[in-house]
Structure formats: structure tokens, C-alpha cells
Amino acid sequence: MKIRKIIDKQIHEIEFLKIAQLEKKLINNISNRDILIFDSNIVKNTLIKKLLKKFPKRCIVIKGHERIKNIQNYSSLIEKIIKLGVQRKTIIYSFGGGTLGDLSGFLASTILRGVEHVMIPTSLLAMVDSSIGGKTGINSKFGKNLIGTFYLPKKVFICSDFLKSLPKREIACGYAEIIKYSLIHSKQLHKLLIKGSKSDMNKIIKLSINSKFKYISDFREKLKSKNSRAILNFGHTIGHAIENSNFYKGNLKHGEAISLGMILELKISSLLNYYPKSINSLIEILKKYNLPINYSKYLNKKTIPSLIKKIAFDKKVINEDVNIVLIGKNGGFVKKILIRDLKSILNQIK
Ligand SMILES: NC(=O)c1ccc[n+]([C@@H]2O[C@H](COP(=O)([O-])OP(=O)(O)OC[C@H]3O[C@@H](n4cnc5c(N)ncnc54)[C@H](O)[C@@H]3O)[C@@H](O)[C@H]2O)c1
Ligand SMILES: [Zn+2]
């Protein structure tokens, strides 16, 4: 099964395959001029073992982690790849989570001014989010993803069989983004999440990607558009502030912080009368997918001033407004709120 989307006049193609189909495709197509980059946590996978054996001199193994997305690592890897030998027709195949995918995409987009990149996302978050949309990048010492390119992979192969070895906590983090899509856009996805059976995994991934597709017709954010990329930030304005608040560094993973961010941003939607219902159905779904729901440690009288500071800094606040994504009858939309109003709303949340 394939799904496609045109982004800035380029085709973005995602193909769903079983592991045996993927093996056939890769073994037949990879050549000795290509480069394969693997996450060290998947090298026990039978297909990966075969590829490592067949192309021993063309493989690079890296342990996926936010730390690998830095300029020193980029620099040493690009020199390593050039030393291994690259040509215009070289294809970079990357197998891993979002960190390895972001780094590999950036490498592919800059080697010889761009060689083809084939992505095989292996974490749930990478399957539903980071491998979709063509953003590549690494972190600067001043912040996340500040160095990067827009560069569509030539192909994305999704094989949910990889998820069998993914730790439970990482699965939960992928679900945080999926739950986000279900709130901003897809009622069908919402229903499927409530029903929640393992056999629906490919369907859940496909609906998630289709939701993301809705908001990425262009590479850049167009705030005014009804389908702005900015809507994908639901749960992320407050979620990021929680994730980056220095007091709690390391405690929460991104998806876990987004879980709390979604609760708080949905509560704001309710307080401002955009979201009519109680937010219990969100709480139930988050619990079901092993995501945290208790935000009291992160949002209280003591932490609100620093959260607000963080939000204002992250969003490069202009004229004291901040754009926040709220949920209304028809899903997600961008709302401008004055920072001081946001502060008083946060103080009202129980
Ligand atoms: N480019 C984009 O549009 C975009 C969008 C969202 C997130 N991101 C980026 O994605 C990154 C997060 O991605 P992530 O959550 O996948 O992190 P990650 O790459 O660190 O992977 C999470 C963990 O899972 C392991 N892993 C991956 N696949 C596995 C498998 N099949 N079996 C066992 N272990 C496996 C990794 O080794 C790692 O320990 C962040 O850097 C974020 O900035 C990018
Ligand atoms: Zn996210």
C-alpha cells in the first residue's frame, strides 16, 4: 500500500511493507555505492543482520539519541561517508528513530549538494511524525533543530514489524503524537484509538500520516492558512515549556511532556468555550496508551512564571501575543493569546 502527497510540487511517497517485502526490495536495490545507517538498537533484527553482512564496508551503526544531532557528529559522519566513497547516484538508507532520521536526512541533503535519501523509520514516533514532511536537522548549542534543511526523502518505507523490539515507553511517546492527530483532525483515528487493537497498527499509522499530510502542503508554516503546519503544534506550546523547564530535565520524554501539554491546552480550549465537552475522553485515552496525566508537579503557582517565560522565549513572542493551538468543534485552530491572559488562564486551571 502506498500513500502520496505533493509538497511544494514534489512527490512525498510512503509505502507500507511487511518485513519480507522490505527485505526483497532492499536486497534487490541497494548497491555497493550506497550508504546504510542503522540505529544500534535494531542490529539484532534479522533483516538488518543480513544487510550488515552483505554490505559490511558501506554500513554505519549509531546509537539513536537526541545527543547525536549535533554539529561535531555531523562533521565526523560526513567526512566518514565521503571517505567511504560517494557519487551522485549514491543513496543514503537510514534505519532508525527520529534522531537518526533527522541527522541522516541532513547528511543526505548536504552531501554533494544532495543525494537521495530512503528512510526506514523504526520507532513509532518516526513512522507517524519525523519521517513525514521533509524536515531534516540537528541541534545548535542554543536550541533544538536550529540547523537543517527541507529535503524530502525519495521514499519512506514503513514496516510496523520493527515496533516489536521498541521499548514500551517509546511506543507510548509515539502514541502521544497519534492522539494529537486524533484531536486536531481525525475522528476516525479517535474511534480507532478507543477501540485499540494491535491488529489496527498499520491503519493507525496510515491515518496519522494522512492527518499530518493535511497540514504540510508547503514546507514553511503559513499561519493564516486553515491547514497551517502550526496546527501540528497542538500540545507542544505548553508541552515544550514543561519538557525544557530546567527543574525537571531528564524526567520526561518528549511524548510524555506533550501528553501533559495536550491536557492543559485542551483545558484552555474548554475554559475559553471552544471545546464544549469535558476532557475526560482525552484523559482515558492517554491512560490507555501509558502516557502521564498528572501535571500538578509541572503546573502550579510556583512553576507558572517560569513556564510563561519559556513559552515567550520559545515562540519569540512579538507584541506580547503568543500563538497557541486550541481545539474547537472542527478540530485544531491557531489562536493568538496575550501572554498575560495566558498566565491568568494557567492560574485558573485546576
Ligand atoms: N523531522 C521532523 O519533522 C520531526 C518531527 C518530530 C520529531 N522529530 C525529531 O525526532 C526525534 C525523536 O525521535 P524518536 O522518538 O524516534 O527518538 P530516537 O531516535 O532517540 O529513538 C528513540 C529510542 O528508540 C530506539 N529505537 C528506535 N527504533 C527501535 C526499534 N525498532 N527497536 C528498539 N529500539 C528502537 C532508539 O535507539 C532510541 O533509543 C527528535 O530529535 C525530534 O526532534 C523530527
Ligand atoms: Zn512532538
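1. Helix 9 (residues 236-244) packs against helix 12 (residues 304-314) at an angle of about 115°, and their axes are 9 Å apart. A crossing is right-handed if the near helix is turned clockwise from the far one by less than a right angle, and left-handed if anticlockwise. Axes are lines fitted to C-alpha atoms over the stretch in contact, with angles from 0 to 180 degrees between N-to-C directions. Helices (H or I, at least four residues) and strands (E, at least two) are DSSP runs numbered from the N terminus.

2. The model is predicted: local features need pLDDT of at least 70 and side-chain atom pairs pLDDT 80 or more, whereas totals for chains, interfaces and linings use all residues. Residues are numbered from 1 along each chain as its sequence is written, chains are lettered from A and ligands numbered from 1 in the order written, and side-chain values use heavy atoms, without hydrogens or water.

3. Helix 7 (residues 187-195) and helix 11 (residues 280-288) pack at about 55°, with axes 10 Å apart, and are therefore oblique to each other. Their crossing, that of helix 7 and helix 11, is left-handed.

4. For helix 1 (residues 19-29) and helix 2 (residues 46-54), the angle is about 15° and the axes lie 11 Å apart. The two, helix 1 and helix 2, are therefore roughly parallel, and helix 1 passes helix 2 in a right-handed crossing.

5. Ligand 1 is surrounded by 25 residues (a heavy atom within 4 Å), the closest being Glu66, Gly98, Thr99, Ser123 and Ser165. The shell comprises five nonpolar, eleven polar and nine charged residues; Asp, Glu, Lys and Arg count as charged, Ala, Val, Leu, Ile, Met, Phe, Trp, Tyr, Cys and Pro as nonpolar, and the others, Gly among them, as polar.

6. A polar side-chain atom of Glu66 lies 2.7 Å from an oxygen atom of ligand 1. Nitrogen atoms of the ligand lie 3.0 Å from a side-chain N or O atom of Asp102 and 2.9 Å from a backbone N or O atom of Phe162.

Methods
Polar contact = N/O pair within 3.5 Å; in protein donor to acceptor, adjacent residues only side chain to side chain. Parallel < 35°, antiparallel > 145°, perpendicular 65-115°, else oblique.
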